[in-house]
Amino acid sequence: MNATIVDKSADASANPLAQPTEIEVGLFTGGGDKPYAYGLAMALTSRGVGLDFIGSDELDSLELRRLPNLRFLNLRGSQRREASLSSKFKRILVYYARLIRYGFVARPKIFHILWNNKFQTIDRTLLMLYYKLQRRKIALTAHNVNAGKRDSNDSLINRLTLRIQYRLADHIFVHTDKMKAELLEDFGVSSQAISVIPFGINNAVPQTGLTPKQAKERLGIKVSEKSILFFGRIAPYKGLHFLVTAFLQIAERDPNYRLIIAGQPKEGSEKYLHAILRGVSSSKALASVIQKIEFIPDEQTEVYFKAADVLALPYAQIFQSGVLFLAYSFGLPAIATDVGSFTEDITEGRTGFVCKSCDPVDLAKAIERYFESDLYKSLSIRRQEIRDAAEARYSWSVVCEKTCKVYAQLLGRQVS
């Protein structure tokens, strides 16, 4: 392939560890979601799959560039949110021009799309049609079957463009049986064109010898205090308002509780978050709430998951959450609502507890039940058990094996 497709990637093909491969894939990351893209890339290259990793400044790393059989192509470049509108417009145009050029000159016959880009309508229709005209086989990972439905902003155009993308894709990966059912029922996708694969355990976030006690000290939490973590992008469907309501009820009865809110609002959710924090600021339990309202980089993530005694997932609607598997990688139990696949991914009393959705009273009861349970009382021992169980069930090797079988089928090859 012509390695001068973009100046930032001019050295990407000079990987001394590269080996001849039978299957080559263009992996389209959308420029984000490092944990998933990183985990999948590591697993695929270890299996001998050659990857053109279509990334960005955010995903660029020596670890990725050093992977055997991987060429890191930084087509997306910078994604700085503080850039001017004209700069954002220019870099998006440049990015799409690079994608079009790549689609024309790329060596891989399979394009695997992990995430679309910002202009969903273009990606789902024109870009998909272009790839098909270039005679590429398209694999698509649908992390959300219909995010518009989840976010309460669904529309005819949204459903129509989703249907087009799902019909143009040669194969679709989803993470749960419920997601497969929605593809079948709402979008008419053939069952043979869908594979259910686990959501791989997060192995992109660094872990050190930091102890839970040390992590709590860094955040100003006493060892005796019961800490609850809400982590990640903040949006209405994630139900933070239910968690805050439940927590304030508990904290009024027991001042020994602490709530950690770590993450930034999703674009368009700033007013939602502001209303929640305004309610916290007027509460007597204000001092019990740690607010880290900003993007949490990978190197700081460990502190929050080790300082917490439990993760809270008070979602109103979701299929599956990567935050749960990030928690499991730290051996942290979770309290989640009965939505999506949480009941399948959480073993009651062993890896967490499940409660009713959109019900702060039941959520408060679940939190108190957890802190009275043996799971919490023996957490220092149970953390390793949770990590081991998650590694066995959500291993990237399982994801890789199923993915490679689909790649081989798309190329008309026998699966070994």
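A search of the whole structure finds 16 salt bridges, a salt bridge being a side-chain nitrogen of Lys or Arg within 4 Å of a carboxyl oxygen of Asp or Glu. The structure is a predicted model, in which local features need pLDDT of at least 70 and side-chain atom pairs count only at pLDDT 80 or more, while totals for chains, interfaces and linings use all residues. Residues are numbered from 1 along each chain as its sequence is written, and side-chain values use heavy atoms, with hydrogens and water left out. Helices (H or I, at least four residues) and strands (E, at least two) are DSSP runs, numbered from the N terminus. Buried stands for under 20% relative accessible area, exposed for over 50%, and partly exposed for values in between (1.4 Å probe, protein chains only).

**Salt bridges**

- D52 and R71 form a salt bridge in which the closest N and O atoms are 2.8 Å apart. This pair links distant parts of the chain, with D52 in strand β2 (residues 50-54) and R71 in strand β3 (residues 70-73), 19 residues apart. Both D52 and R71 are buried.
- K216 and D309 meet through their side chains in a salt bridge of 3.0 Å, N to O. This pair also links distant parts of the chain: K216 belongs to helix α8 (residues 212-218), D309 to the loop between α11 (298-307) and β11 (310-313), and 93 residues separate them. Both K216 and D309 are buried.
- R65 and D60 are joined by a side-chain salt bridge of 2.9 Å, N to O. R65 counts as partly exposed because its relative accessibility is 21%. D60 has a relative accessible area of 30% and is therefore partly exposed.

- Helix α1 (residues 34-46) has 13 residues and reaches 18 Å from its first C-alpha to its last, close to the 18 Å expected at 1.5 Å a residue. The expected span is 1.5 Å times one less than the number of residues in the helix.
- The buried residues of α1 include Y36, A37, Y38, G39, L40, A41, A43, L44 and T45.
- The axes of α1 and helix α17 (residues 396-410) come within 9 Å and cross at roughly 70°. Axes are lines fitted to C-alpha atoms, for helices over the stretch in contact, and angles run from 0 to 180 degrees between N-to-C directions.
- On the α1 side, P35, Y36, G39, L40, A43 and L44 meet W396, V399, C400, T403, C404 and Y407 of α17. Contact is defined as heavy atoms within 4.5 Å.
- By class, the contact of α1 with α17 has 10 nonpolar, two polar and no charged residues. In this classification, Ala, Val, Leu, Ile, Met, Phe, Trp, Tyr, Cys and Pro count as nonpolar, Asp, Glu, Lys and Arg as charged, and the others, Gly among them, as polar.
- Just after α1, G48 takes a positive phi of about 95°.

- Most residues other than glycine have a negative phi.
- N69 is not a glycine, yet has a positive phi of about 70°. N69 sits in the loop between α2 (62-65) and β3. With a relative accessible area of 8%, N69 is buried.
- C358, a residue other than glycine, has a positive phi near 55°. C358 belongs to the loop between β13 (352-355) and α14 (360-371). C358 counts as partly exposed, at 41% relative accessibility.

**Individual residues and their surroundings**

- F72 is part of strand β3. The relative accessible area of F72 is 1%, so F72 is buried. F72 and D52 are 20 residues apart in sequence and 6.2 Å apart in space, C-alpha to C-alpha.
- Q165 lies in helix α6 (residues 156-168). Q165 counts as buried, at 2% relative accessibility. Not counting residues up to four places away in sequence, Q165 touches I113, N116, D123, R124, M128 and L140.
- K180 is found in helix α7 (residues 177-187). K180 counts as partly exposed, at 22% relative accessibility. Leaving aside neighbours within four places in sequence, K180 is in contact with V174, S191, I194 and V196. The C-alpha atoms of K180 and S191 are separated by 8.0 Å, and the two residues are 11 residues apart along the chain.
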